[in-house]
Amino acid sequence: MHLLNLGILAHVDAGKTSLTERLLHTAGVTDEIGSVDRGSTRTDTLALERQRGITIKSAVVSFPLDSVTVNLIDTPGHPDFIAEVERVLGVLDGAVLVVSAVEGVQAQTRVLMRTLRRLRIPTLVFVNKIDRRGARDASVLDEMARRLAVPLVPMGTAAGLGTRAARFVPGLGPSALDVLADHDDDLLAAYVTHGISADRLDAALVAQTRQGLVHPVWFGSALTGAGVAELVTGVERLLPPASGDPDGPLSGTVFKVERGPAGEKIAYARIFSGTLRVRDRVPFGDGAEEGDGRGEGSARRKGDGRGAGDGRVEGRITALTVFDHGGDVRREEAGAGRIARLWGLGGVRIGDALGTPGRATGHHFAPPTLETVVVPGPGTDRRALHLALTQLAEQDPLIGVRHDELRKETSVSLYGEVQKEVIEATLADEYGLDVTFRETTTLCVERPAGSGAAVEFNRKDGNPFLATVGLRVDAAPPGSGVRFGLEVELGSMPYAFFKAVEDTVRDTLGQGLHGWQVTDCAVTMTHSGYSPRQSHAHQGFDKSMSSTGYDFRGLTPLVLVEALRRARTVVYEPMHRFRIEAPADTLGALLPVLARLGAVPESTGGRDRAGVLEGAVPAARVHELGQRLPGLTRGEGELETAFDHYAPVARGPLPERPRTDHNPLDRKEYLLNVTRRVGD
């Protein structure tokens, strides 16, 4: 039997988890349909998910169809948890995008469809809630065609809209041929010449859907089951099964990590090639979490024995389970196409490649653009809090824990206020830790304005370290991340010293001249030198006369920040793309408000009596824009925003971020702190 790894994606409250429950019931896996309202769903297993009625963590459940076994992955719909969706995309064979027949296309719907199209993931569309009052069919279809701008093939129509008797009426309409012919000249020629048979049209639909060229659409209700059986048939017929050679070299990707009852790490992995067996020793690492060029240095890990951009380690699989008939069952092996839960990989991280590195998933959605300081409540141990936050960051790397030793503070990066509430509740429920948060602030980045170089020589001109380090910093194109290179011979000193310099460069770039992460730059080592190992007669190694990794780790920040000073850095703030749809006669009142918020309107348009205004606005002003909009548009304005790019801070003083390191910008203070710590 074939396998299919299927993702269910949607905007919040579109009925995605309810559809998952209905699919499980339709396939005969469950006797009773779980309810989000009652907290009895199979996929929302966290207590917090059931309390709030939203999906926070992706979950996998399996069900059989006639010719395929489906591993169904339920993903969060709230934009604050978009990182969880991102990690799932790289393991999917196909997707179902759920749209509400009442609310229609939302901002999140647009973001998801754009990403699915970019990744060429075959996607079906299910318009849910046709039984609800206010449900629409033709107008929602028109809205999807206009706002999603993708080829849609309605697989039928809805009848009895807005009633419990609402149902789906199957049947391809005449528009199907028009949509399919746009991607198939032979199909069009055949139609003009002698007509098209139903079989030929169906074959074109299957082929184009599997290539991600067109998107079939069903109408239905997860609550009543209308249209779900037809959707299941579409999943089985139109989406491509998982591919991969079970006898090939092992290749897989870790997309989720959780902690077991004993605190052990459990990795969720998609196997793309080969077969993974219990007791196998498996190399893993080199995932796609780092260096996507947008400043998310928080994704990099420390303390697991792997440096930045480095490191394949090995672990032994002690147990594994695969998903089958609604649960997960112990197996001795998992072959290509499977999703498996793995025990034994203690240092595993989200994004790690298992075996031979395969497809690189990278980042598809916006980085977190907010940050807040976690404040421990009375009696809360700071060390326990730091450990708990570190473990949460393992499960969601973009949380980005940042610890300030000087101020004894810990901050986390976020997508939004709901995520903050979830972190607070998780710390209380799972770790027994009482916390509050300071006001949320915006996360900026720094980029070099030009080139700058600096060098310090071994034991010269006030350099107390037994090391020579020269570095040049050059600006690089936006989105290129951080690149490290050498202009010195690799054999001119031990490799460990070069590695110490590179790792320290990447760590130091976490805080630029203004305290923000430095990205989009090339750092080149231009000078190197060291003091060879020295010893006295009949005595051991004398580190006072011999270079160690400490010398290079201590000197590199001083050289790098001096090179950055000479290059200068520019602070960039996150900008959101906005789209406002409002009565056309209110747009004039909006423009001066947008100008005061630092927004840049770029285009206007509209249809009927509605006007559309699009442009960019600083992320820090999005909340205020949302608050002002109803009063300016008689309550009729609709606002969509999503992260778009970083732009130089153009208004007000440059935002500064407090440093958490030994501050190499102040040489005297830095040397005092570093040398004192060495002497401790």
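A: Let's start with a term: buried means under 20% relative accessible area, exposed means over 50%, and partly exposed is in between (1.4 Å probe, protein chains only). By that scale R438 is partly exposed, at 40% relative accessibility.

Q: What should I know about the model and its numbering?
A: This is a predicted model: local features need pLDDT of at least 70, side-chain atom pairs count only at pLDDT 80 or more, and totals for chains, interfaces and linings use all residues. Residues are numbered from 1 along each chain as its sequence is written, and side-chain values use heavy atoms, with hydrogens and water left out.

Q: What pLDDT does the chain average?
A: The average is 84, and 86% of the residues score at least 70. pLDDT is the predictor's confidence in each residue, from 0 to 100.

Q: Where is the pLDDT below 50?
A: One such stretch is residues 42-56. Beyond near neighbours in sequence, residues 42-56 have 48 contacts in the model. Residues 287-310 are also below 50, and that stretch has 73 such contacts. A contact means heavy atoms within 4.5 Å. Where pLDDT is low, the predicted coordinates should not be read in detail.

Q: OK, overall picture. How many helices and strands are in the chain?
A: The chain has 16 helices and 34 strands. These are DSSP runs numbered from the N terminus: helices are H or I with at least four residues, strands are E with at least two. Of the 680 residues, 56% count as buried. Take the contacts between residues at least 6 apart in sequence: 75% of them join residues at least 24 apart.

Q: Back to R438. Where is R438 found?
A: R438 sits in the loop between strand 23 (435-437) and strand 24 (441-442).

Q: What does R438 touch?
A: Leaving out residues up to four places away in sequence, R438 touches T372, V373, V375, E409 and K420. T372 is 66 residues from R438 in sequence, yet the two are 5.9 Å apart in space, C-alpha to C-alpha. The side chains of R438 and E409 make a polar contact (2.7 Å). A polar contact is a pair of N or O atoms within 3.5 Å; within protein, one must be able to donate a hydrogen and the other to accept it, and residues adjacent in sequence count only if both atoms are side-chain atoms.

Q: New topic: T275. Is T275 buried or exposed?
A: T275 is buried, because its relative accessible area is 14%. T275 lies in strand 12 (residues 275-277).

Q: Which residues does T275 touch?
A: Not counting residues up to four places away in sequence, they are P246, L250, D280, E333, A334 and G335. A polar atom of the T275 side chain lies 2.8 Å from the backbone oxygen of P246.

Q: And V192, buried or exposed?
A: V192 counts as exposed, because its relative accessible area is 65%. The residue belongs to helix 7 (residues 185-194).

Q: Last one. Which residues have a positive phi without being glycine?
A: Among them are D13, with phi near 70 degrees, and R634, with phi near 55 degrees. D13 is in the loop between strand 1 (2-10) and helix 1 (16-26). R634 is in the loop between helix 15 (622-632) and strand 34 (638-648). D13 is exposed at 55% relative accessibility, and R634 is exposed at 52%.
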